[in-house]
Structure formats: structure tokens, C-alpha cells
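Here is a short walk through a model and its ligand. Look at the sequence and the fold, then read on.

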Amino acid sequence: MTLESRYKDVTERIAQAAKTHGRELSDIELIVISKNHSALLVEQLHGLGQRHFGENRDQEAAPKAAETAGLPGMVWHFVGQLQSNKVKSVLAYAKYLHSIDRASLVSALAKELVKTPINIKGFIQLNLTDDPARGGIPPNELMAFAESVALVPGIELQGVMGVAALDRDPRIDFETIANCSLQLQREYPRAKFVSAGMSHDFEAALEFGATHLRIGTAITGNRNL
Ligand SMILES: *Cc1c(COP(=O)(O)O)cnc(C)c1O
């Protein structure tokens with residue numbers, strides 16, 4: 001399969017799943033995760049109409065964003081764990097940060113954002129496992145953490161983000177994410193977005209209200225760099 005046929009296939013599957021689950025296609029943003037692929041692939045997908053792209057490492061994302069900066073309408077999303085010393089670099093190209101996952105990152109963001117007129121659209125990353133080493137905010141700590149995020153003027157809180165566990169039905173985790181989202185929206189009505197769903201589970205994520213799909217290999221092919 002070519003890049004174009006994989007892209008078409010995924011966008012058709014998204015449209016079909018949206019229809020099945022009574023979702024408006026205009027409420028769903030496809031973010032192509034381009035990690036381990038070249039700027040050329042980003043350019044090719046841009047030529048097919050794609051505008052939202054995501055990366056998980058600043059070392060790779062910063063040069064790729066620079067290389068593709070001339071393409072009109074590009075929107076970069078940062079989806080990986082963000083080290084505090086990379087915050088400044090990421091804020092220079094990313095419009096969305098999907099992985100606000102700890103208090104020290106909120107502090108680092110606050111410190112950087114007071115110095116610039118930049119805003120970042122941010123998702124709080126949930127930890128859906130029992131393993132604290134996995135990073136992210138446990139669902140029962142979401143509201144306290146959200147309060148600290150909401151206090152930072154430069155962060156526009158978008159909602160919650162999660163990665164479903166691989167060893168069980170992803171619907172279990174997508175339901176947890178959906179419940180967290182409802183809880184968050186009661187306090188912060190504008191934080192209504194849900195970043196969930198990857199190559200192997202985006203259709204299930206759409207069933208549970210995902211608005212921002214982060215899809216890599218199903219479109220890009222295997223990561224090879
Ligand atoms: C790599 C990555 C994705 C995309 O994964 P695929 O399985 O290739 O679709 C989504 N979200 C995050 C946080 C990632 O790091």
C-alpha cells in the first residue's frame with residue numbers, strides 16, 4: 001500500500017466510525033504522528049491535505065518543524081513526555097501539548113509562558129494504569145491537578161489525553177477517559193476535548209467521544225528512521 005492509500009483508508013475508516021457512533025466528522029481532528037519519519041513524508045501528507053502533525057521528541061520535532069515551516073497551515077502537536085529543559089524549544093513550534101503529566105512540567109511551562117506572548121493548548125495526560133512510573137495523572141487526582149493547570153495564564157486547557165493499555169479491551173480505558181472528561185467539563189466547560197485513539201484502537205476511541213486522534217503507523221507505515 002502507498003502512503004496515499006493508507007491515508008485514504010484511515011480517513012475513510014474515521015468517517016465510517018463517526019457515522020456508526022453518531023459523531024460529527026467536523027468534531028474530530030486527525031493528527032498524523034510523524035515520529036521516525038522524514039520531513040518529506042510530512043510534505044507528502046500535506047500535499048494530500050493533512051495539516052495537523054504530532055511528534056514525541058523535541059530533538060526530532062524541532063528540525064522537522066523548521067524544515068516544513070514553509071508549508072501553509074501546518075499545526076504541530078507535541079504528544080510525548082516533555083522534559084522541562086525542552087519547554088522553550090517546544091513552545092516555539094507546537095500549538096498543542098497533549099502530555100501535561102506532572103506538576104514540575106506545569107511549573108516549567110508557567111515560568112516560560114510569562115516571558116512570551118505565546119499560548120499553548122494543553123491536554124492533561126491521564127495515567128490509566130496502576131503503575132505510577134508510567135507517568136500521567138491518576139483519575140482521582142485529575143481535578144486537583146486541573147486547578148493548578150488552570151492557574152497558568154498561557155495554558156488553554158483543552159481536556160484530557162490518554163493511551164489505552166495494550167493488554168485489555170481499550171474500551172475499558174476509553175470509558176475511564178470519557179468519565180474524566182465529563183468531570184473536568186463540569187468545572188471547566190471549555191476543556192471539552194479528548195485526545196485518545198491510535199492506529200490500533202481509534203475506532204473504539206471514537207465510540208467513547210475522542211475528538212483528537214493521534215495516528216502514526218496506520219498511515220505512515222512502519223517507523224524506520
Ligand atoms: C507514537 C504515538 C502515537 C501513534 O502511535 P501509532 O500506534 O503509530 O498510531 C500516538 N500517541 C503517542 C503519545 C505516541 O507516542
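A nitrogen atom of the ligand lies 2.9 Å from an N or O atom in the side chain of R214. A polar contact is a pair of N or O atoms within 3.5 Å. The model is predicted: local features need pLDDT of at least 70, side-chain atom pairs count only at pLDDT 80 or more, and totals for chains, interfaces and linings use all residues. Residues are numbered from 1 along each chain as its sequence is written, and side-chain values use heavy atoms, without hydrogens or water.

A polar side-chain atom of S199 is 2.5 Å from an oxygen atom of the ligand. G216 uses its backbone: an N or O atom there lies 2.8 Å from an oxygen atom of the ligand. Alone, the ligand exposes 390 Å², and the protein buries 88% of that (Shrake-Rupley method, 1.4 Å probe).

Who else surrounds the ligand? The residues around the ligand (a heavy atom within 4 Å) include I33, K35, N56, V79 and M198. By class, this shell has 4 nonpolar, 4 polar and 3 charged residues (Asp, Glu, Lys and Arg count as charged; Gly is among the polar ones).

Now to the aromatic rings. The structure holds 1 aromatic pair (ring centres within 6.5 Å).

Conventions. Polar contact = N/O pair within 3.5 Å; in protein donor to acceptor, adjacent residues only side chain to side chain. Phe/Tyr/Trp six-rings, centres within 6.5 Å; stacked < 30°, edge-to-face > 60°.
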